[in-house]
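Hi all, thanks for making time. I'd like to walk you through a structure that may be new to you, so please have a look at it first.

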Amino acid sequence: MTTLTTPAPRRVGGGLLDPRQLWKSVPDALRKLNPATLWRNPVMFIVEIGSVFTTVLAVADPSVFAWAITVWLWLTVLFANLAEAVAEGRGKAQADTLRRAKSDTTARRLTDWAPGRTDATEEQVPAAMLRLGDVVVVEAGQVIPGDGDVIEGIASVDESAITGESAPVIRESGGDRSAVTGGTKVLSDRIVVRITQKPGESFVDRMIALVEGANRQKTPNEIALNILLASLTIIFLLAVATLQPLAIFSKAVQGFAPDTAALDGDGVTGIVLVSLLVCLIPTTIGALLSAIGIAGMDRLVQRNVLAMSGRAVEAAGDVNTLLLDKTGTITLGNRQASEFVPVAGVDIADLASAAQLSSLADETPEGRSVVVHAKTAHGLRERGPGELAAATWVPFTAQTRMSGVDVEEDGRVRQVRKGAATAVMKWVRDNGGHPSDDVGGIVDAVSGSGGTPLVVAERVAGRPARALGVIHLKDVVKDGMRERFDEMRRMGIRTVMITGDNPVTAKAIAQEAGVDDFLAEATPEDKMALIKKEQEGGKLVAMTGDGTNDAPALAQADVGVAMNSGTSAAKEAGNMVDLDSDPTKLIEIVEIGKQLLITRGALTTFSIANDIAKYFAIIPAMFVAVYPGLDTLNIMRLASPTSAILSAVIFNAIVIVTLIPLALRGVRYRPGDASSMLRRNLLVYGAGGIVVPFVGIKAIDLLIQFVPGIS
Amino acid sequence: MSPAVAGGLFIASLVLVLVLAYRLFGDYMFRAVSSSRHFRAERLVYRAVGVNPDGEQSWGIYARSVLAFSAVSVLALYLFQRVQDRLLLNLGFPAVKSDQAWNTAVSFVTNTNWQSYSGEATMGHLVQMSGLAVQNFASAAVGIAVAVALVRGFARSKTDQLGNFWVDLVRICVRILLPVAIVGATVLIAGGVVQNLSGGTDVPTVAGGSQTITGGPVASQEVIKEFGTNGGGFYNANSSHPFENPTGWTNWVQLFLILLIPFSLPRVFGRMVGDRKQGLAIAAIMAVLAIGSVVALNALQLSHPGTVPTAVGGATEGTETRFGVAQSATFAAITTLTSTGAVNSFHDSYTSLGGMVAMLNMMLGEVAPGGTGSGLYGMLILAVLTVFVAGLMVGRTPEYLGKKIGAREIKFASLYLLTTPALVLIGTAVAMSSAQARASMANPGAHGLSEVLYAFTSASNNNGSAFAGISVNTTFYNTALGLCMMLGRFLPIIFVLGLAGSLARQTPVPASAGTLRTHQLLFIGMVVGVTLIVVALTYLPALALGPLAEGIR
């Protein structure tokens, strides 16, 4: 059944973090302490080196303060690892489900299959032995042994193992619904499949690798951000390292100053120096950066979209132009009756009645929509075929291009016909009628507005046939599309509708849907040319496609989303696959891409803004014994130098673990123009990043000042 | 009129005239650097040097040209000083010592003009005129040329051509620096600045003794000292010497000359990238920081607590009575904000926090408005950095003026930002841990530390102003500060040109509603914030043990 409503647009969000997941990831987080892997994250690697150093110092010269700092520094590293482990854990769970689908199957290989041949020799081989180009046969109840294209037959296939969607899908040879995936199950009929994968490189294998992050590579933007974070780390490393001679000098010239836990004759103590360094380097974003990336991919997976690379997800955020297929994306799949236009002298109720009558037996979506419109707009009850006495149904055929019914009314036979304008007009003329000019005018008007006119005519026995009026069939734009396109425009994204319709029809639909531009009578070459033209102007283009002839364009586009129902060629060419085969999802993909970048930017800002409060905590604590005036800088009025430094370190660690859910979920994303987005994020993460640590450090200090040995 | 009102009027009139000059002089400079015609005099130079003026250079060649030119300049200036005793007009001075000659050569070629010597007691007129003053022109022109090359990187697309260094250098000298210098020198002479070749006059002093007053070609060197944001004085006393800066109004003219190029270059940037608002935004960022600093320094100097300063209405120690506290504070702020380093009062005598503001001005990286050219390219680097973080927050790969800020661009920008703090901090740390270097310190404690920190900040940021209070004419300081000046000048230039090269290669992304607006108030505020925070975060620990320790009670 076609329904007129589509689900409300899903806003980008994400699954909530299950606290148990944190606990379960602890072993993985501990494993990640291995310096051989941790060095890839320069910021956290520095923290680990610092932790080792303070551990040595704490062992050599134990004190409550030294051990407290040491423990919290180790926790800082651990929390960072935990963020990554949790993000990866979600992918692993997904991969496990997929692996179950990839159970060992036996393939029925046909050794000498040729088109049309039914007596090909069959042999049993394990699915893992299948080679590229092998031909296998699969029958109802069997599992498809590998990825391929149907080359013979039609079958319903249960793809729930991969898509999670329980409704079976139809797969048939030829056309754009020929691709089948290994591990899915044939429910009915028999198909012959040509294998298109190499062993171990099946779609499921790739999915598993992707969601597990096995071959995760840093994306361009991630690399750039890492360079920036590494530079900031070096700057702070310098600032802290070069402080030592200055501190020694200051301590020496202020001879009266007492030795403290922070500063003695040898300068700033190692533990405090490491604490200062760890608090200043951007640990928050450094700890969460890889989790943000993994979670971004994961959010796509949750929406049943597989991105072949993180680069593609990032590119989605940058897209300037969206190419959207009209049918299925912008409009509902089929045209629907939207209006009955009677000719002069005919009552609209009579036209509605005749239109309904002629469509009762028309099982095409268009035909059903006429019945629906008659009911909703004109209050005509749907009459069952049995209610009509001696009715003869005239089904629609490609030759007559008409459907209708012959009924007996008041003892006379009444013929009602509905169909393509030229066919019905001819029928009227053939039956002695003269269609008025009026009909032609209405037909032209409907065509001109982008609709499809169907003419309704009747002939009562003994009288000439006459045209009653016109049914206006039109493409129905999905609910909420106009609003989404408006949003896109505010985000600076241009939407282009691609359709095979003529320019007049295309223009009318484009206007109704509110897209910025359209490409009518589009051939695959036209699409390709459009993409290239946009790209030459420096724009990034996203599109969806399913057919083999979409493959070049999918490969050319910066973000090419292939429908899972499409051909293998299309899936191979795109850099994302939508398992739900829902072209509207392109919009969500763009939002997820943007959200990923915003999350990185927001947490970087937050991380750097945090430093201001930490300075106000640590700097006076370090040097107040030498220069008592510096106590003025202790604006948080922290209890003691040791409690101040420890509070800053604890805050620094806790903020990481507190932000894990945000890193996984992504910051809240509301479409809007650049200025309003920047203003909002700057307020929350910039201003918030300055204020929050003042409050947090003070709160921690209020608690820990009562710990013996700290104050 | 109270000192505060007079100081306010002084600043307001400067701002007003600079606002008027922004468009006029900016457009003039834009035409000078982007014209396709060569003057006959320029052609003669190209022929003499053997340069094809219509051939353009990639970033690598451009950078090599800058380095080659500067290397030759350092060598020539070094040799010039070393053979001074055998030259004309040497006033009987001996050859300059090798470490000091190296330091001075580097100092003038890098537009720093740090002086570990006393001009009237070390350099003869010939070295001053045809050695130091020539570099005052050349080093200023090099800075502008590099800035223009960076702007071409933004303005151009799909090319590796950034212009021709030799053409830029010659044009900037011939069309921008020389004409203004000639007019400016005439004005300064009218104001009382001396211009002669006199060797010195013995005069009886009021107290009854006798003093030798050296004359010389001062005005001609003074004008480019300010206009090229050089700052190296003819006399040791620099702009506080009555022969260099005789009156209140010459003081005003000097500040105007200092600020003219740095504040007008953003207009050139706006014109070249085809969006004047972008230039205005950069100028606004510079202005916000500059005005904030000038006001802060004035406030700290005028309201200094303590019996004597309160009685006389401000911290008068170390200032000239003909300028007063306010004009001295304004001069101090502007000279440190612009990488000039000329002084009309003694920064070492400033209040601790006042001195810290002068130091912070340099620590900003000389970007508000900074030196000739170096101010613009430094500010653009900060804008690129801000765009990177802000751009992410609007959900796009960051882009500035249509150019994507990716890994390569961030690499160059980060290296640029890393260079000066590394030089300042490592230099200070080395000096503070070496007993030999500590021996140069005349003041103990926090003030002594401030002096060392100031010296390395000044040299590494190519400012050249001195806090004084330490004897810097030692082998250690001459060598170390020379290295800081050289690395602090040329490493950033290489990174800037590298960035320009990778920007020029890109295809620009067309702007849309989703593009970060880089000319709006929000962005201006954000760059100001990033600049302040990056500086504060880097230098606060060191400042805490210097001026902050001394100034907060």
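**A quick tour**

Let's begin with A:Thr400, which sits in the loop between strand E15 (392-394) and strand E16 (402-409) of chain A; helices (H or I, at least four residues) and strands (E, at least two) are DSSP runs, numbered from the N terminus. Before going on: this is a predicted model, where local features need pLDDT of at least 70, side-chain atom pairs count only at pLDDT 80 or more, and totals for chains, interfaces and linings use all residues. Residues are numbered from 1 along each chain as its sequence is written, chains are lettered from A and ligands numbered from 1 in the order in which they are written, and side-chain values use heavy atoms, with hydrogens and water left out.

An unreviewed UniProt entry puts a "binding site" feature on residues including A:Asp362, A:Thr400 and A:Lys418. Such annotations may be inferred rather than shown by experiment.

A:Asp362 is in the loop between helix H13 (348-359) and helix H14 (365-378) of chain A, and at 7% relative accessibility A:Asp362 is buried. Leaving out residues up to four places away in sequence, A:Asp362 touches A:Gly367, A:Arg368, A:Ser403 and A:Lys418, where contact means heavy atoms within 4.5 Å.

Now over to chain B. Its helix H14 (residues 374-393) is mostly covered, with 20 of its 20 residues buried. After H14(B) comes B:Gly395, with a positive phi near 80 degrees.

Definitions and conventions. The expected span of a helix is 1.5 Å times one less than its number of residues. Buried means under 20% relative accessible area, exposed over 50%, partly exposed in between (1.4 Å probe, protein chains only).
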